[in-house]
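Please walk me through this protein model. Keep it brisk, and stay with what the coordinates show.

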Protein chains: 2
Amino acid sequence: MAEYTEIPYPRLWDFCSRLFPSYGFSAEEGKTIAEILLRADLFGIESHGIHRLVRYDEEIKTGMVTVRAKPEIIHETPVSAVVDGHKAMGQLTAVRAMELAIEKASHSGIGMVTVRNSNHYGIAGYYTGLALEADFIGITMTNTEAICVPTNGKRAMLGTNPIAFAMPADPLPFSFDASTTMVTRGTMEVYQKSGKPIPDNWAVDTIGHPTTDAGEVVRNIIGKFGGGIAPLGGSSETGGGHKGYGLATMVDICCGILSGGLTSNHINIKPGETGICHYFAAIDYGIFGNKKEQKHALSVFLEELRSSPRVDGKDRIYTHGEKAMETMAARINGVIPVNEKTLGEMRNIASRQGVVCDIAP
Amino acid sequence: MAEYTEIPYPRLWDFCSRLFPSYGFSAEEGKTIAEILLRADLFGIESHGIHRLVRYDEEIKTGMVTVRAKPEIIHETPVSAVVDGHKAMGQLTAVRAMELAIEKASHSGIGMVTVRNSNHYGIAGYYTGLALEADFIGITMTNTEAICVPTNGKRAMLGTNPIAFAMPADPLPFSFDASTTMVTRGTMEVYQKSGKPIPDNWAVDTIGHPTTDAGEVVRNIIGKFGGGIAPLGGSSETGGGHKGYGLATMVDICCGILSGGLTSNHINIKPGETGICHYFAAIDYGIFGNKKEQKHALSVFLEELRSSPRVDGKDRIYTHGEKAMETMAARINGVIPVNEKTLGEMRNIASRQGVVCDIAP
């Protein structure tokens, strides 16, 4: 079992915002990266938080991420833009792209921005949150390294390709953020560490047959030996796997095709760059009438879902975003549980970068 | 086993286009309804084709559908509109709404149209096909009567809530069209007729526990006794059911909330109207750069998916829309298999409406 140390959130934030400038990022950029990275931990999504620092560190050190690159708008209309990330840190490019979508929505009602030549952008729900702050609907998608096997296939061709969609409501917005695969690689790694078998519709082996061995799946993904994770719905049509496969393809169209960039099956293939692509949209829902009435109608609908009859033994019916926002409310003035292994990685990185790592007792 | 009679497509089309004017629709309207209804049969999607005639007939006869109603634009911007269907036939309102989205996309690059007070609109993929004809990306969603149970719940609160997304490519477009539930009521009815058990993650009973009895599920849905079909991913979070639940909620936001209409849980509740709502979008993908290059890139990507390594024993990896378009190519100059029960219903309706039914030998 993994051991966890509880670290006060402000200490973690302080450490990250000091660490990133040590690579050459500005103080402002360091704060932005720290905020997005740690938002995942605040939301309780360990796989996308400080746990991932070691991978960002490696991408910066190996030049997959170019520290001084600035994203550039290469095509623009009143409702759209295409941004070339020039291999800048995904989080910095993504914030700029969503801000651009919001600017366009402020003037035109809708703004859609696609991004090519970017990098892993962290937690998708952070960017839809920027649209919520502007009282807009926010949408984002990203492709990733191929990890998902199409229906009837045995080679990973699509990424985890998440879709995030959020709209303001009271007391909490609707904020959906989910991969279009059964699970992510992070979950597979958790099962691998625990030695427990995975359910038999989560992944397929190198010949495309269902496997319950998480370690085998992770090794096959890393080694690109074949097989991978099943699309949402599973590896057969019986469970609706062709639907997850279709949604993942749609995400690759919005990200890779509409940005003139790469699709998942070409991500992380060329040395020295990932080629990850994103999609962002902001919609001023006032283009459909009275915003106050729409927001109220959504608030009522979400409450109807939450208060509908529950299965015996289940405490609650959640609407999307509730769990994350409740976890954040508890953690922002409290502590974040950090895996001992992650803590070791943080200390090593800090030592090499010459940054004080006074995060734990 | 159901018996099928093969009927030449032109005869079916001729019959439908003569039948609908007998209710009071214009000749032009009759042709539009016939074309959309039978497109499902051409695509090989029996559940949404002529099989459904008996339900449309009933909705017209009982006044759920108002024959002489005309959809009305009640709010409009250069990129958006809200349409009140005034209970007109769903297909007629939907064609008008997608045409409006296409008009707006022609001028503004993007057009989004939401519709309230409509009716069942048939096959979603027909409307994204209209956008394809304009060389645009097409998107549509619709809510339906509640049939889908939220994660941890035991009452159906969401519809089958399909999402359709299409973009032009060669030799065939990408055309995704799928419910956000494990299956539709139609599939459940097919299992009921056959007496075969359904897989145990497709549906839950009145207390929210998995059931394999399709007949029980259908009776519970019709009687509104509780339970229903699971969201895509199944009834638990292990299979990703919370993702399907989130996608279904997103569809209800785009349709019911953004049109100022009803959400799925209020559809078919008030006597004399369904209250079904839709969402349509058209995007001129030229707002993201060179259309020829993007279309080519998508064509290459789809071919890469189709030609990726297959599981032994599987003939093909499909991309979305291929099956439907190949079936249509074979059937449009050929025959449509029509269930004997459906044939009987057609003859009864024709006789009552005073329309000649010379469709079968």
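Where is A:H86 found? A:H86 lies in the loop between β3 (80–84) and α4 (90–108) of chain A. Helices (H or I, at least four residues) and strands (E, at least two) are DSSP runs, numbered from the N terminus.

This is a predicted model, in which local features need pLDDT of at least 70, side-chain atom pairs count only at pLDDT 80 or more, and totals for chains, interfaces and linings use all residues. Residues are numbered from 1 along each chain as its sequence is written, chains are lettered from A and ligands numbered from 1 in the order in which they are written, and side-chain values use heavy atoms, with hydrogens and water left out.

**Backbone points to check**

Most residues other than glycine have a negative phi, and most peptide bonds are trans. A:H86 has a positive phi, near 50°. A:H86 counts as partly exposed because its relative accessibility is 34%. Here buried means under 20% relative accessible area, exposed means over 50%, and partly exposed is in between (1.4 Å probe, protein chains only). A:N117 also has a positive phi, near 55°. A:N117 sits in strand β4 (residues 110–118) of chain A. At 26% relative accessibility, A:N117 is partly exposed.

Cis peptide bonds come next. One joins A:D170 and A:P171, with omega about 0°. A:P171 is in the loop between β6 (163–167) and β7 (174–178) of chain A. In chain B, the bond from B:D170 to B:P171 is cis, with omega near -5°. B:P171 is in the loop between β6 and β7 of chain B.

**The chain B sheet**

Seven strands of chain B form an open sheet with mixed pairing, in the order β2-β3-β4-β10-β5-β6-β7. β2 (72–77) and β7 of chain B are the edge strands; each has a single partner strand, so one side of each has no neighbour in the sheet. Neighbouring strands are turned by 10° against each other on average, direction ignored. Angles run from 0 to 180 degrees between N-to-C directions, and axes are lines fitted to C-alpha atoms, for helices over the stretch in contact.

Two strands pair if DSSP finds at least two bridges between them.

| Strand pair (chain B) | Sense | Bridges |
|---|---|---|
| β4 (residues 110–118) and β10 (residues 276–283) | antiparallel | seven bridges |
| β5 and β10 | antiparallel | six bridges |
| β5 and β6 | antiparallel | four bridges |
| β6 (residues 163–167) and β7 | antiparallel | five bridges |

B:G111 stands opposite B:A282 in β10(B). B:I139 stands opposite B:A281 in β10(B). B:T140 has B:A164 in β6(B) as its bridge partner. B:I163 has B:A178 in β7(B) as its partner. β6(B) and β7(B) form a hairpin, with six residues between them.

Is β5(B) enclosed or open? Six of its six residues are buried, so β5(B) is largely enclosed by the rest of the structure. Both faces are covered: B:I137, B:I139 and B:M141 are buried on one side, and B:G138, B:T140 and B:T142 on the other. In strand β7 (residues 174–178) of chain B, four of the five residues are buried, so this strand too is largely enclosed by the rest of the structure.

**Between the chains**

Contact means heavy atoms within 4.5 Å. By that rule, 79 residues of chain B are in contact with 78 residues of chain A. The two chains bury about 6400 Å² between them, 72% of it on carbon and sulfur atoms. In chain B, B:N152, B:K243 and B:F288 lose the most area to chain A, together 12% of what that side buries. Buried area is the accessible area (1.4 Å probe) that two parts lose on being put together, summed over both.

**A helix pair in chain A**

Two packed helices are described by the angle between their axes and the distance between the axes. In chain A, the axes of helix α1 (residues 9–19) and helix α2 (residues 27–43) come within 8 Å and cross at roughly 140°. On the α1(A) side, A:Y9, A:L12, A:W13, A:C16 and A:S17 make the contact, meeting residues of α2(A) that include A:G30, A:K31, A:A34 and A:E35.
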